[in-house]
Amino acid sequence: KAGIPLSVMKLLDPRQLKPDSTETERILTVFDETIVKLEITRLIPRVIGSLERFARMLGPEITSGLLELQKLSVEIQDLLASPGDEERRRALEQRLKCSLRNTLRLFLANPLLYHGLKYEVWVRESPADVFIKAFKEFRDFTLERLLTSPDEEKEKIQFMEDISLRIEKNTETISALQAELEAAIQTRDEEVNSKDKKIENLKTSMENLAKECKADIQQITKEGEKQQKEDEKASQDRCARLEQDVLHLRAQFKALVLEHRASELVLRKKRCKTERETEKWVQKYDTDMTEKQTTYEEVEAVYNEEKAQLALLMEKHALLLQEYTEIEEERRMLKEKAEEAAREAARRNDAATYIQAFWKGYLVRSIYKSKLKKGKGKGRGRGK
């Protein structure tokens, strides 16, 4: 957000949009007047229904206009109920339109009356409310379109596309990390379960082996006792041999026990290593998430700071814009005064030129007349 251009910020925040030309203000004025007329038209049927109650508030001129409007409405409804003369119906519709326009002009001339009626008259919700709401939304949409240049529109579209791409990339990254974490946890659980099963199988085999050895020793001992009664020497030899077998089996048993304990120790070490690696991956994930959270908080802090700076710049821009408008107005007035002075000087020059020409003509005529008079005097002397 810290890199959002100013034009895009204006588009994302419609409250910052202000008319920047006379044509835009005129269009908005037409929209606002139309909305007011629609709201007044929505109130008129309710006011006509309680005309005696609002007569003093409305005044005689508006009251008579509403009575005429009611009369024309009844006549048109009668004509629509029994269709007949189309020309009369068109004439009545034209009169109704003119009467409604005059009534709306009277209401618009007295805005306080309209605002007072809005709080006095209660009107149920109707399709007219939906139309007025849609018309207001159309007015806001038109304002936004009027104040949005093609470059700003392209910049807004490009900005939204960049935001969508960033969101998609972040979502894919998070999904990939979650999948890797789930796969690592599942692999660790499978390895631990398999190792636990191997350990259980080894313990079971060791117990079975001990039971089998014990059973063999008991059986050999019984056989030795039986043989001892039959033949003492053979029994002694057999006992010695059996004792040797027992020693050998015990040695084998101890070797097997040591071997199984060694394998169990190796498996335990592997299990501990796997657990440490799993814990390491979890810590790494926590560290990465902590760093990303810290980065996010830093970016958010920078955004808040730049947002505050933007608000200050907007205030300064408003002040500078006001000063610029005042300076432009002063320049315009000075320019008009200079043009008026130039026009006045031109008029004076034209008048002076005209007076000089007139004066020269007068002198020429005077000289010419004096010469004519002298010529006539000389002619008369010769005649005498």
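Student: How many of the chain's residues count as buried?

Tutor: Buried means under 20% relative accessible area, with a 1.4 Å probe and protein chains only. Of the 384 residues here, 15% count as buried. This is a predicted model: local features need pLDDT of at least 70, side-chain atom pairs count only at pLDDT 80 or more, and totals for chains, interfaces and linings use all residues. Residues are numbered from 1 along each chain as its sequence is written, and side-chain values use heavy atoms, without hydrogens and water.

Student: How do the axes of H4 and H5 cross?

Tutor: Axes are lines fitted to C-alpha atoms, for helices over the stretch in contact, and angles run from 0 to 180 degrees between N-to-C directions. H4 (residues 60–81) and H5 (residues 86–109) have axes that come within 9 Å and cross at roughly 155°. Therefore H4 is roughly antiparallel to H5; the cut-off for that term is over 145 degrees.

Student: Which residues make the contact?

Tutor: Contact means heavy atoms within 4.5 Å. Among them are Leu66, Leu69 and Ile76 of H4, and Leu92, Leu96 and Phe107 of H5.

How values were computed
Helix = DSSP H or I, 4+ residues; strand = E, 2+ residues; numbered from the N terminus. Parallel < 35°, antiparallel > 145°, perpendicular 65-115°, else oblique. Buried < 20%, exposed > 50% of the residue type's maximum accessible area, 1.4 Å probe, protein only.
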